[in-house]
Amino acid sequence: MVALTPRRRSLRFGFQGISYPDVDATLAWARHADEAGFDFVALPDHLFHPKSDVFLSKGAWDVDAVLGATAVTTRRIRMMPAVTDTVRRHPATTAHFISTLDRLSHGRAMLGIGAGELFNFNPLGDVVWERPVKRLREALKVIKALWSATREQPANFEGEIFSLKNAWLGLLPVQTPHPPVYIGGYGPKMKALVAEEGDGWLPWLETPETYRRASDHISSEALKHGRNPEEIDRAVEVFTAITRDETEISRLAERASIGMSLRQDLLRQLGYQSLADESVDVLKAEFRDEDWRRINSVAGRIPREAIRSVIVSGTPDQAIGRLEEYRKAGVKSVVLISPTDLIYQNIAAYRDEIIPYFAAQDR
């Protein structure tokens, strides 16, 4: 097998369609995104969903199964979970899956991984979630060790949470030294971990200005570890609706407001300290009735201009303007999260006008 060389653009485009629980629909839009010239697809890794009519309201399929199907039904596009965790999935299992996915796709696999979100495993009474950053750091060590281990030189690792003893998978990924690893997270410790271990950073919902500050922090931390900051891809997940229909944009803004209400640190950075204090952070949200009361109350009071600052919407020209702001803030890869009923409309707009615009800038 020969690994595919990813195309290099000053701004790369990933796509994520909110198409739970329809597996066939997900595979169909992934094929369409492949044909449309997107660089990668990013599929969420969820198990349990909160009881809601607005936020993750339908049952989740298993991301590993769907990514495997995506690998064999697409030709060029790369693919990743965005993002998996180290609580439900042991890092050895993750390493094994990504190695397998890389072989299924002939070198197109990427790994998106984070510390985890409580709603995904809170119903599991036998699961303990402690020291999430420490857990993730050790998990990354385990995954990378297994990706290079051989029968002659097996992996050994002794951490506080995970350990390996003379371990080797016997199934290495196609890409060398390994598939790129994108870390999702927000706090100072997570940014430091990105700088230490990540090939890319993949946060959810940032304004161009908050992104710039965080990216500068990662660059500073990378230098401390003797790394070239330019070697770390800077990605971001944003909601998108390319349409002139204000009703559609308002629906997107409503969903984004729920997301923003779950990002306490983002609210604080934007100057909404009281809203941040009142809300519930996505990492620890159990989505009980009391949680929803607080989340909905906060979402309804976030100013519209703040919500518009974390979405890409409107006409293609308006979207290009917003994406230019992200690019100037240091973003190199943007993951566009589309509402279900706008998936094909959004793909077409990016294919016909937005991706060609940015491709022309690179000539």
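Which residue of S6 does Glu 158 stand opposite? The first legend answers this, and the others walk through further close-ups of what is a predicted model.

**View 1. The S5–S6 hairpin.** Glu 158 stands opposite Ser 163 in S6. The two strands, S5 and S6, run antiparallel to each other and pair over three bridges. If you follow the chain from S5 into S6, you pass through a hairpin of four residues. As a reminder for reading any such view, side chains in a regular strand alternate between the two faces of the sheet.

**View 2. Helix H4 and what covers it.** H4 takes in residues 132-148, 17 residues in total. From first C-alpha to last, H4 reaches 25 Å, close to the expected 24 Å. Its buried residues are Val 133, Arg 135, Leu 136, Glu 138, Ala 139, Leu 140, Val 142, Ile 143, Leu 146 and Trp 147. Look around them for their cover, which includes the strands S4 (111-114), S5 (155-158), S6 (163-167) and S7 (181-184). Helices H3 (91-104) and H5 (188-197) are also part of that cover.

**View 3. Thr 26 in helix H1.** Thr 26 belongs to H1, which spans residues 23-36. Is this threonine buried or exposed? Thr 26 is buried, because its relative accessible area is 0%. Setting aside neighbours within four places in sequence, its contacts are Ser 19, Leu 43, Trp 61 and Val 66.

**View 4. Two cis peptide bonds.** One joins Tyr 20 and Pro 21, with omega about -5°. Pro 21 sits in the loop that leads from strand S1 (12-17) to H1. Another cis bond runs from Ala 82 to Val 83, with omega near -5°. Here Val 83 lies in the loop between strand S3 (78-81) and H3.

**View 5. Two residues with positive phi.** With a relative accessibility of 41%, His 106 counts as partly exposed. Leu 205 has phi near 65° and is placed in the loop between strand S8 (200-201) and helix H6 (208-224). Leu 205 is buried, with a relative accessible area of 0%.

**View 6. The largest pocket.** This pocket has a volume of about 830 Å³. Its lining is made of 41 residues, and those closest to the centre are Gly 116, Glu 117, Tyr 186, Val 282 and Leu 283. Four elements, namely H4, H5, strand S9 (233-242) and helix H8 (264-269), each supply at least two lining residues. By class, the lining holds 21 nonpolar, 10 polar and 10 charged residues.

**View 7. Tyr 350 in helix H13.** Tyr 350 is part of H13, residues 343-361. What is the relative accessibility of Tyr 350? The value is 0%, so Tyr 350 counts as buried. Although 314 residues separate Tyr 350 from Ala 36 along the chain, their C-alpha atoms are 8.1 Å apart. Not counting residues up to four places away in sequence, Tyr 350 touches Phe 13, Phe 38, Thr 240, Ile 242, Val 312, Leu 323, Leu 336, Ile 355 and Pro 356.

Methods:
Residues numbered from 1 in each chain as written. Predicted model: local features only at pLDDT ≥ 70, side-chain atom pairs only at ≥ 80, totals over all residues. Heavy atoms only, no water. Expected span 1.5 Å × (residues − 1). Buried < 20%, exposed > 50% of the residue type's maximum accessible area, 1.4 Å probe, protein only. Contact = heavy atoms within 4.5 Å. Pairing = 2+ DSSP bridges. 1 Å grid on protein atoms, 1.4 Å probe; cavity = no way out; pocket = protein on both sides within 12 Å on 5 of 7 lines; lining within 4 Å. Points joined across faces, edges and corners; volume = space filled by probe spheres on them. Nonpolar A, V, L, I, M, F, W, Y, C, P; charged D, E, K, R; others polar.
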